[in-house]
Amino acid sequence: MINLALKDVVKRFGSIEVINGVNLEINKGEFVVFVGPSGCGKSTLLRMIAGLEPISGGELIIDDAVMNNVPPSERGIAMVFQSYALYPHMSVYKNMAFGLETAGLPRKDIKVRVQKAADILQISHLLDRKPKALSGGQRQRVAIGRAIVREPSIFLFDEPLSNLDAELRVQTRVEIAKLHKEIGATMIYVTHDQVEAMTLADRIVVLRSGIIEQCGRPLDLYNKPANRFIAGFIGSPKMNFLDIEFAERRVQGTVFKLAAEEIVVKTSEDMGAGTKAVLGVRPEHITTGKTAEVKLGTLTVSHVEQLGGQTLAYGRLEDGQSLTIVLEGQRAIATNDTLNVGIAHEHCHLFGQDGNRLND
Amino acid sequence: MRARGPAGAGFRRQVANYSFLIPWLIGFFALTVGPIATSIYLSFTDYGLMSPPQWIGMENYVRIASDDPRFWTAMNVTFTFVLLSVPLKLAFALAVAVALNKGLRGLAVFRAIFYLPSLLGGTVAIAFMWRQIFSRDGLLNRGLEYLFGYDGPGWVSSPSTALYTLVLLAIWQFGSSMIIFLAGLRQIPQDMYEAASIDGAGRARQFFKITLPLLTPVIFFNAVIQTIDAFKAFTSAFVISGGDGGPIDSTLFYTLYLFQEAFVNLHIGYASALAWVLVVIIAFFTALSFLSARYWVHYDD
Ligand SMILES: Nc1ncnc2c1ncn2[C@@H]1O[C@H](COP(=O)(O)OP(=O)(O)OP(=O)(O)O)[C@@H](O)[C@H]1O
Ligand SMILES: [Mg+2]
């Protein structure tokens with residue numbers, strides 16, 4: 001069942017168009033994450049859904065009703081701000097109760113709702129404190145609590161974890177995922193942290209310069225990025241991109257030239273000889289040794305990072321193209337070592353010169 | 001010797017450092033401490049400039065408290081002025097600041113225009129202008145007659161309205177409070193209002209539940225400054241009443257009464273005592289504001 005729909009939504013600031021026609025449907029209970037580089041319009045899109053930013057064109061539909069001109073409080077949404085935006089002069093209780101008091105709910109009901117939200121978030125002991133007497137993580141919970149008491153059908157989060165330290169971030173991330181399971185509401189979550197996106201999302205929407213580049217399940221985006229931009233954006237460390245040249249078609253697939261190697265990629269694409277293309281290979285999919293399906297040549301290592309569980313090696317192929325590889329475990333690799341590197345067919349991503357994916 | 005050497009050098013350096021304060025110290029003692037001490041002394045004397053001061057103990061203060069109807073008139077006028085002009089001025093300044101903060105085009109121009117009266121307001125020239133505007137055949141009455149055919153009274157020459165023209169003049173000088181309010185409003189983060197609008201709060205509720213509480217430190221500051229200023233108001237009453245606090249003492253500000261006692265009647269000793277009573281009154285109200293601040297001023301740190 002569709003909870004929220006965006007139809008050709010456009011946003012202009014003056015004459016500058018920052019959202020250029022977004023179409024998206026979000027189902028009830030779905031956890032959707034907007035990701036994209038800074039300035040791509042994630043916050044703007046979220047704020048238009050919230051009603052904090054007027055919509056310049058197109059339609060916003062929530063539960064079958066056009067919401068373009070409905071005030072924020074009547075859209076059935078709640079928002080958690082990056083800055084938390086807690087009212088500094090009110091206690092935690094008052095912060096959470098403010099919206100309900102505004103709506104004119106009886107005191108008893110307000111108390112029940114606030115208490116319930118406080119229990120879920122384990123902040124019952126903080127209800128009498130002012131925000132200034134809370135830690136960053138506690139403020140974050142209060143901000144989420146303020147959203148929960150409204151019992152919205154859609155939660156909006158704008159980079160809610162970006163002010164927390166790394167450890168708390170992971171912890172809160174897990175809690176938000178639990179919360180989503182518990183209350184089952186639709187959640188729209190903006191971040192530029194792709195780990196948050198991968199772990200939280202039912203569906204990821206990747207934005208770039210105001211348009212949706214790709215929209216799909218996290219693993220689909222990882223396994224079959226629609227273009228070079230998505231491929232580079234999802235996954236860490238970033239995918240390697242190698243310039244290759246079309247050689248010929250054979251029965252097994254298409255043959256490309258990469259430095260001295262001939263590599264065969266399984267695709268039906270036919271191009272003129274010498275046509276340039278890009279091969280994308282994720283660092284974690286690259287293997288060492290001579291048995292790989294697709295041989296990438298020899299890598300001269302220029303730098304090694306030992307993470308304990310993994311070993312990262314940076315280096316260059318014979319023709320000077322740089323390549324990063326991630327190997328499981330602790331490997332005895334040193335600078336200036338040479339490695340034979342290769343990859344399986346299924347892990348090859350082929351992109352044309354326009355950046356679009358060629359193989360399937 | 002070895003131990004004293006550096007200490008001696010340190011002392012010399014300290015002397016050098018402190019010597020830079022000398023001009024200020026001279027000013028401080030000659031222009032501040034000296035006159036203060038002198039006026040305390042004089043307030044316990046009978047002194048009329050012609051003969052040396054005569055020590056009379058508490059007599060001046062006793063007379064102020066028990067046997068001086070003009071003192072009570074002055075108190076009445078001054079308190080009326082303070083209680084009317086300060087809240088009205090602050091309310092007006094806040095209203096204008098809120099309006100300007102809505103992102104009006106040409107904000108800088110309006111800010112300058114509204115601030116101008118504060119720069120000019122304390123001057124004798126403006127008070128004269130005010131006197132002209134509110135006089136029997138002044139600008140105000142001309143306007144009233146032209147627009148409504150109403151023949152107004154001489155506002156400054158009628159005892160029932162003279163004080164209110166002074167209150168108006170004080171309100172007209174709302175600019176400096178407004179500038180401070182504007183700066184305070186700028187400090188309130190925009191997302192506070194966004195959160196409130198998602199919480200369903202309309203303009204009025206946002207103003208009373210978000211803006212006002214977050215602005216209380218600034219309101220407090222403005223209120224203290226303006227109250228002290230209002231207690232000390234002098235120039236406007238002096239000019240408009242022609243120096244005597246008239247008509248029939250209706251604009252006899254405390255400071256004006258003090259001035260008359262000191263420099264017209266030459267009761268320097270008595271005037272000194274009056275001055276100290278004013279100091280105590282102002283100190284009392286300032287202390288009271290600071291004590292009350294705990295209950296209504298919201299500090300974020
Ligand atoms: N009020 C505004 N007036 C003019 N331009 C704006 C305004 N708000 C945002 N923009 C522009 O719109 C674009 C999108 O901004 P937005 O804040 O949505 O980016 P974002 O994806 O949230 O970035 P970030 O990850 O840095 O938060 C940016 O180019 C920004 O400069
Ligand atoms: Mg943003």
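Colleague: In which loop of chain A is A:Asp63 found?

Modeller: Please keep in mind that this is a predicted model. A:Asp63 is found in the loop between strand S4 (57-62) and strand S5 (65-66) of chain A. As a general idea, most residues other than glycine have a negative phi, and most peptide bonds are trans. Phi of A:Asp63, by contrast, is near 50 degrees, a positive value in a residue other than glycine.

Colleague: Which residues does a cis peptide bond join?

Modeller: The cis bond joins A:Ser236 and A:Pro237, with omega at about -5 degrees. A:Pro237 belongs to the loop between helix H8 (228-233) and strand S11 (240-249) of chain A.

Colleague: Let us turn to the two chains. What area do chain A and chain B bury between them?

Modeller: The size of an interface is often given as the accessible area lost when the parts come together. Here chain A and chain B bury about 1,800 Å² between them, and 62% of that area is on carbon and sulfur atoms. Within the area that chain A buries against chain B, A:Tyr87, A:His89 and A:Phe98 supply 29%, more than any other three residues. Counted by residues, 23 of chain A are in contact with 19 of chain B.

Colleague: How many residue pairs are in polar contact between chain A and chain B, and which elements of chain A each supply at least two residues of the side that touches chain B?

Modeller: Eight residue pairs are in polar contact between the chains, counting pairs with both residues at pLDDT 80 or more. Helix H1 (42-50), strand S6 (77-80) and helix H2 (92-102) of chain A each supply at least two residues of the side that touches chain B. H2(A) gives the most, with four residues. By class, this side of chain A has 13 nonpolar, five polar and five charged residues.

Colleague: How many salt bridges are there between chain A and chain B?

Modeller: Side chains of opposite charge can pair when their charged atoms come close. There are two salt bridges between chain A and chain B, among them the one that B:Asp199 forms with A:Arg150, where the closest N and O atoms are 3.8 Å apart. Over all chains, the structure holds 15 salt bridges. One of the pairs is A:Glu151 with A:Arg113, whose closest N and O atoms are 3.7 Å apart. This pair links distant parts of the chain, 38 residues apart: A:Glu151 lies in the loop between helix H4 (136-149) and strand S7 (154-158) of chain A, and A:Arg113 in helix H3 (residues 107-121) of chain A.

Colleague: Which residues are around ligand 1?

Modeller: They include A:Phe13, A:Val18, A:Gly39, A:Cys40, A:Thr44 and A:Glu159. The shell divides into three nonpolar, six polar and two charged residues, and its largest share, three residues, comes from H1(A). Oxygen atoms of ligand 1 lie 2.5 Å from a polar side-chain atom of A:Ser38, 2.7 Å from an N or O atom in the side chain of A:Lys42, and 3.3 Å from a polar side-chain atom of A:His192. The protein covers 57% of the 630 Å² of accessible area that ligand 1 has on its own.

Colleague: Finally, where is the place of B:Ser289?

Modeller: B:Ser289 is in helix H14 (residues 268-296) of chain B. Leaving aside its neighbours within four places in sequence, B:Ser289 is in contact with B:Phe220 and B:Val224. The C-alpha atoms of B:Ser289 and B:Ala223 are separated by 8.7 Å, although these residues are 66 residues apart along the chain.

Note on methods: Residues are numbered from 1 along each chain as its sequence is written. Chains are lettered from A and ligands numbered from 1 in the order in which they are written. This is a predicted model: local features need pLDDT of at least 70, side-chain atom pairs count only at pLDDT 80 or more; totals for chains, interfaces and linings use all residues. Side-chain values use heavy atoms; hydrogens and water are left out. Contact means heavy atoms within 4.5 Å. Buried area is the accessible area (1.4 Å probe) that two parts lose on being put together, summed over both. A salt bridge is a side-chain nitrogen of Lys or Arg within 4 Å of a carboxyl oxygen of Asp or Glu. A polar contact is a pair of N or O atoms within 3.5 Å; within protein, one must be able to donate a hydrogen and the other to accept it, and residues adjacent in sequence count only if both atoms are side-chain atoms. Ala, Val, Leu, Ile, Met, Phe, Trp, Tyr, Cys and Pro count as nonpolar, Asp, Glu, Lys and Arg as charged, and the others, Gly among them, as polar. A residue is near a molecule or strand if one of its heavy atoms lies within 4 Å of it. Accessible areas come from the Shrake-Rupley method with a 1.4 Å probe; for residues, only the protein chains shown count as cover.
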